[in-house]
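Have the viewer ready and follow along as the residues come up.

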Amino acid sequence: MLIKENVAWIYYINEDTRLTEKSGKWMYFFDNRSFVEKICERAVENHIVEQAKHSTANTGVACFYLNYDDIDTHRKIISYFLENNLIKKTKEGRLYDISFKLDEQTRAGEYGNDFHSKIKLSDFIDLNNAQWLE
């Protein structure tokens, strides 16, 4: 695994990465940098995803990269998120329906109300009980 850093990001990269123009990310917004460093590093070391990165600030965002048509890896990273409590819950205990964001949407400046996800957590699991959909 290769670790790179610049002023804004720390990258964790599998040297055999196969990301394509179909790549995107599941995101986790954090407030504990030492925790997120371990989470990103483990995700790449254990071949859950091919690349991860997090912002260098003490609070920020971590991104876990995969190709959008790689269903097996979607399942692996969602399981990893669930195992590590990376998906927040509503007051009622339901999981938030987090979104997968394509890199092309980021490059196109799709943020906030301009962003509409093509893939959401609810495409894979029941948000009420975290059970996989058939």
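Predicted model: local features only at pLDDT ≥ 70, side-chain atom pairs only at ≥ 80, totals over all residues.

Residues are numbered from 1 along each chain as its sequence is written, and side-chain values use heavy atoms, with hydrogens and water left out.

Back to Arg33: its partner in a salt bridge is Glu37, with the closest N and O atoms 2.9 Å apart. A salt bridge here is a side-chain nitrogen of Lys or Arg within 4 Å of a carboxyl oxygen of Asp or Glu. Glu37 is also partly exposed, with a relative accessible area of 27%. Both residues lie in helix H1, four residues apart, about one turn of the helix. Helices (H or I, at least four residues) and strands (E, at least two) are DSSP runs, numbered from the N terminus.

How many salt bridges does a search of the whole structure find? There are four. Side chains of opposite charge can pair when their charged atoms come close. One of the four joins Glu50 to Arg18, with 3.4 Å between the closest N and O atoms. Glu50 sits in the loop between H1 and strand S4 (51-55) and Arg18 in the loop between S2 and S3, so this pair ties together parts that are 32 residues apart in sequence. Glu50 counts as buried because its relative accessibility is 13%, whereas Arg18, at 56%, counts as exposed.

Now look at Lys25 and Asp103, whose side chains meet in a salt bridge at 2.9 Å, N to O. Lys25 belongs to strand S3 and Asp103 to helix H3 (residues 103-107), so the pair ties together parts that are 78 residues apart in sequence. Lys25 is buried, with a relative accessible area of 5%, and Asp103 is buried too, with 12%.

Next comes the sheet that holds S3. It is an open sheet of seven strands in the order S1-S2-S4-S5-S3-S6-S7, with antiparallel pairing. Its edge strands are strand S1 (2-5) and S7, each of which pairs on one side only. Two strands pair if DSSP finds at least two bridges between them; S3 and S6 pair in the antiparallel sense over three bridges. Follow Trp26 across to S6 and you will find its bridge partner, Phe100.

The largest nonpolar core has 30 residues, and Trp26, Val49, Phe64, Ile77 and Phe81 touch the most other members. Such a core is a set of buried Ala, Val, Leu, Ile, Met, Phe, Trp, Tyr and Cys residues joined through side-chain atoms within 4.5 Å. Strand S2 (9-13), strand S3 (23-30), helix H1 (33-45), strand S5 (60-67), helix H2 (71-83) and strand S6 (99-102) each supply at least two of its residues. Which element gives the largest share of this core? That is H1, with five residues. Leaving out residues up to four places away in sequence, Phe81 touches Trp26, Met27, Tyr28, Phe64, Leu86, Ile87 and Ile98, where contact means heavy atoms within 4.5 Å.

Finally, turn to the rings. Four aromatic pairs are found in the whole structure; rings of Phe, Tyr and Trp (its six-membered ring) pair if their centres lie within 6.5 Å, and planes under 30 degrees apart count as stacked, over 60 as edge-to-face and the rest as tilted. The rings of Trp26 and Phe124 have centres 6.4 Å apart and planes at 70 degrees, so the pair is edge-to-face. It links distant parts of the chain, with Trp26 in strand S3 and Phe124 in the segment after strand S7 (119-120), 98 residues apart. Trp26 counts as buried at 1% relative accessibility, as does Phe124 at 9%. Phe64 and Phe81 also form an edge-to-face pair, 5.3 Å centre to centre with 80 degrees between the planes. Trp26, Phe100 and Phe124 form one aromatic cluster.

Key
Buried < 20%, exposed > 50% of the residue type's maximum accessible area, 1.4 Å probe, protein only.
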